[in-house]
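Opening the notebook on this one.

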Amino acid sequence: MLQFKRNLLSAALASAIVMAATGAHAQTAQASSGSQEPAATELDTVIVTGIRRGIENAIETKRDSTSIVETISAEDIGKLPDISIAESLARLPGLTAQRVAGRATNINIRGLPDNFGTTLLNGREQVSTGDNRGVEFDQYPSELVNAVVVYKTPDAGLIGQGLSGTVDLQTVRPLSFADRVASVNVRGEHNSLGPLNPGSTAYGNRVSASYIDQFMDGRFGIALGFAHLDSPGQSNRWESWGYPQGTVNGVENVFVPGGTKSIAASTDNVRDGYMAVLEFKPNDTWHSVLDLYYSKFEREETSRFIEVGLGWGGFDNGAGYTGATLVNPVIENGNVVSGTFTGVKPVIRNDLNTRNDDITAFGWNNKFTFGEAWTLNTDLSYSKADRKEMILETYAGTSRIGATGDTVDFVVDPSTGLTRLSFGTDYTDPSTIVLNDSAGWGQDGYVKFPHVTDELKSARFDLERSFESGMFSSLEFGANYSDREKTRSVPESFVNLTNGPTVVEADLLNRPTRLAYGGIPGSLSYDILGAVARYYTLVPKTHQDIFDKQWTVNEKVSTGYAQLNINTDWGPVSVRGNVGVQAVHTDQESIGYAIGPAGLADAAAIQRGATYTDYLPSLNLAFGFVHDQNIRLGIGRQMARPRMDEMRASRSYSVNTTQGIVWEGSGGNPNLKPWIANSFDLSYEKYFGGKGYVSVAGFYKDLRSYIYSQDILDYDFGDLDPGTSPQPASNLGRFTAPANGEGGTMSGFEFAVSVPLDMVWAPLEGFGVVANYSNVHSSISPRGPGNPDEPIPGLSKEVTNITVYYERKGFSTRLSQRKRTPFLGEVTAYAGNRYNRYIDEETLLDFQIGYSFQSPPLEGLSVLLQVNNLTNEEYREYYPDNGLTQMFNEYGRQVLFGVTYKF
C-alpha cells in the first residue's frame, strides 16, 4: 500500500507539472493571438542538440505515427541516451529489462517475456543467438543505432510483428543529412568491485567511430560505423541448493540451509560491431538502400568458488562419509539462521565458461515510383547468428579431511538471505588440496559445448496506389516470404583425471580467489585450461537428455497483406490511420531424436511438422483535436510463434504396463501453433509544441491460445518397437508435451510525461523531466487451467521510470531511475537449459554529466562521465514457497569517462 501511495504521488506530481505546462502553453497562445501583430523580426536558426534533441525527435516520431508506438532517438550521431540499447528500451512506457550478469539484455513488453515480441533491424526480422526467438540486445552496439521504434499495436504492413510488441532498430540514412558528419568516441570504464579473480581486470574501454557523407550532388550517400567494447564484469555471487524442511530441536517444519555456492565471477566482454549503409537516389523514380551489419561478441567468465552440501549433504563418496550433521541451531521465524554443520565435504570449483557469438545481417531495399500514384517496393534480406559455448567444470578438495569431513559455522544474513560460512580448514593452501572427486559425484569434472545456429532468408514485395481525394489516402498490398532454420546441440563430456587425485603444480597456481563477502577468506585458484590440458582426459557422454537438446526447427512463412491508409477530416477532427489484414501461412517442421525403453541403442532420427494459416486483421485510428491533442485507437489480432525449443521433434517413449499395455512418452511438439490474442488499445496524448507531451494509455489482450505442458491423449507413436515385450496393440498412447490450450487475459494502463520545465516557469530553462508508470494485470495460467499460482514469465505488476535532466550552454547532466516489482524471469541454469526463477524487485539508478565545447578551438569536443548502477543494486532470486534466497548477486558500479569529437 505504501508503494502504491508513492506511485500515486509521483503520478500526481507529474500531472501537476503537465497542468502547469498546459496553462503556460495556453497563455503563450493567447498572447500571440492578440489584436496587435508584433513587428517582423529575423530570427536566428536554433539547432537543438544533445538530450533535448533526442527527446524532441522521439516525440515527433510518436506524434506522427498512425500506430501506438514508443520511440528512442539518438541525441547525436552514434549516441543513444544509454550505453546499451536494452537500457534505453527499459525506460520506455510499458517496457522493462531483465539483468543477466549485471547487464540489461532481454526486454519484456507489457508484462510478456521476450519470446512474445519480435525484433527488426531496419524493418527486417532478425535472428537470435539465444535458444529461442528472444533477441539479446547487447549484440547490437548502441553507437550504431540511430533510433528505435516500438510498435505496440498491430499493423497489416508490419511484417514479422509480435504479440506483445515489435522493436525496430534503425540505422542512419546518409541522404537525410545535409553535410558530411564524422565522430570519434573513446571511453574508459571501471568496475567498483575490482578484479575478483586472478587474471581479470576492473578496467575496460569503448571506442566507436562514425562517418556519413554524400556524393554526386546528394544522390549517393554512405554511412560507416564501428564500435568496439571491452567491458569487464565482476560478480560476488551466492547460490543456494534449497532449504529442506524438517524437525529441528523438536520444532516442526523448520527450513534448513541445504547447501551453498560462494562464488567470485569475473567476465571479459569483448564485442566488435560494424555497420555500413549505401544509399542511392539518382532521381525521383528510384531509391535504393543497402544495409550491412556484422557483430562479433566474445565472452569469457571465470568462476572460482566453494560449494558445500549442508542439510542436503547426505551422500556416500566411497570413503564412508555419509553426510553433514547440524549442531547448535538457532531458529527464528521457522528458519535455521545460524549453527554448525559437522562432517561437511566442500568442493573447490574452478570453472570456465566461454561464448562466441557472430551475427551477420544484410538487406537491400529498392523503391520505384511510377507517376504520382504508384509505388513499388522490393526488399531482400538475410541474417545469420552463430553461437558457440564451452561450459567447463573442474573439482578439487582437501586431502587431509578424510571420511570425517570438515566443520563449518554458518550465519544467515537477514538483509540478503546469504549464508556466511566459516570453515575449520584453509582452502587456499595448495599443499592440502588435490584435484579429485571430493564430493563423490562420480566425475572429476564436466564440460558442455552448446552450439546454436539461426539463419533467416526473406524476400518482400509491396505495391501502393495513392489517391488524391477521399477518405483513404492509399491502398497498399504485398507479400513476404521467409525461410528460417534454427539448430541447437549440446555435446557433453566427462572431464576425468588421467592419473587419479592430482596435486596442482606450482606453475599453474594463481593467488587465491577472495570470497570474504561470504565469510570465507578464499579458495584455491589455478589456470583452468592449463590444468585440463595437463591432467585430464575428455570422455564423451551419451545420455537421453543430450539427445533431447539436439534439434532443428525449420519455418517457411508466406505472408500476404492488404491495407487501406486513412487520412481525412471529420469536421474539425483530423483522422489518420489504417485498416487491413494479414494472411500468414506457415509450413514448419522439426528434426530430433526418438529414444525408446532400450535407451540410446535405439535412438532414431525423427521428423515431424505442420502447416496452418492465420488471419490477422488490424485497425489503427488517430484522431487529432485542437490544442495538439490525439486520441488513438488500436484493434487487432496479434500472433507470436511458439518457442523453438518447445517445437523440437525430440521425444522419449516407453510402454506403460500399470494402466494397460499402452505407449507413453514426453518431449517437444512440432505441431504447435502460435500464441494468438485479440487486442484493444486506447491512448490519449497531449503535445506541447513538439517539446513535450503527456499520455495515458490502456490496453486489453484476450489470449485465445496459450502454450503449456499437457497430456496429449491418442498420440500416434508410429510403428515402434519397444525393445522389450509386451508390444502395445495400438500405436496410440499418452504423450506429455507443450500444446495449445486456453489462454487468459491481460490488461494494464501506462502513464507517461515528458516536459521541459521552462514551460512551467521560465527560470527553470534547461531543466526537464521524463517519467512513466505502468501497471499490468494478468489472468493467464502458464501451466494451464487449474494452476493459477504461477505468474506469467516477465510480468512485473508495476514498472516506474523517471529521468531528471539539465542541459544548457554545453553543460548537461542527467539522473535516471528505473524500477520494477518482483517477477518470474527466465535464466540459463543447470544442464544449459532455460528455467523460470522468481526475481526480486530492483531499483537501478544511473547518472551522467558532460560538457560540449561551443566555440573554437575545441568546438566539436565533448567530455562525459557516467556512473551506472550508482547504488550498487543487488540482484536476488528467491523461492516462492518460503521467500528464502535462491541466488544473490552483487555486480558493482560501472564508471565510464570519455571524450567525443565530432567534425
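Below are my entries, topic by topic.

**Confidence**

I'm working from a predicted model, so I checked pLDDT before anything else. The protein chain averages 89, and 91% of the residues score at least 70.

**Backbone**

The bond from Pro-856 to Pro-857 has omega near 5 degrees.

His-627 has phi near 60 degrees, and Asp-628 has phi of about 55 degrees. I find His-627 in the loop between β31 (599–625) and β32 (629–640), and Asp-628 is in the loop between β31 and β32 as well. Are they buried or exposed? His-627 has 62% relative accessibility, over the 50% cut-off, so I note it as exposed. Asp-628 sits at 28% and counts as partly exposed.

**Salt bridges**

I count 51 salt bridges in the model. I followed Lys-152 in some detail. What does Lys-152 pair with? One partner is Glu-70, with the closest N and O atoms 3.1 Å apart. Lys-152 is in the loop between β6 (147–151) and β7 (165–170), Glu-70 is in strand β1 (residues 69–73), and 82 residues separate them. Another partner is Glu-750, at 2.8 Å between the closest N and O atoms. Glu-750 belongs to strand β38 (residues 744–756), so this pair ties together parts that are 598 residues apart in sequence.

Lys-152 has a relative accessible area of 0%, and Glu-70 is at 5%; both count as buried. Glu-750 is buried too.

Stepping back, I see Lys-152, Glu-70 and Glu-750 linked in a network of salt bridges that also includes Lys-62, Arg-110 and Asp-681.

One more pair went into the notes: Glu-307 and Arg-349, with the closest N and O atoms 2.5 Å apart. Glu-307 lies in strand β14 (residues 286–309) and Arg-349 in strand β17 (residues 347–370), 42 residues apart. I have both of them down as buried.

Conventions:
Residues numbered from 1 in each chain as written. Predicted model: local features only at pLDDT ≥ 70, side-chain atom pairs only at ≥ 80, totals over all residues. Heavy atoms only, no water. pLDDT = per-residue confidence, 0-100. Helix = DSSP H or I, 4+ residues; strand = E, 2+ residues; numbered from the N terminus. Buried < 20%, exposed > 50% of the residue type's maximum accessible area, 1.4 Å probe, protein only. Salt bridge = Lys/Arg side-chain N within 4 Å of Asp/Glu carboxyl O.
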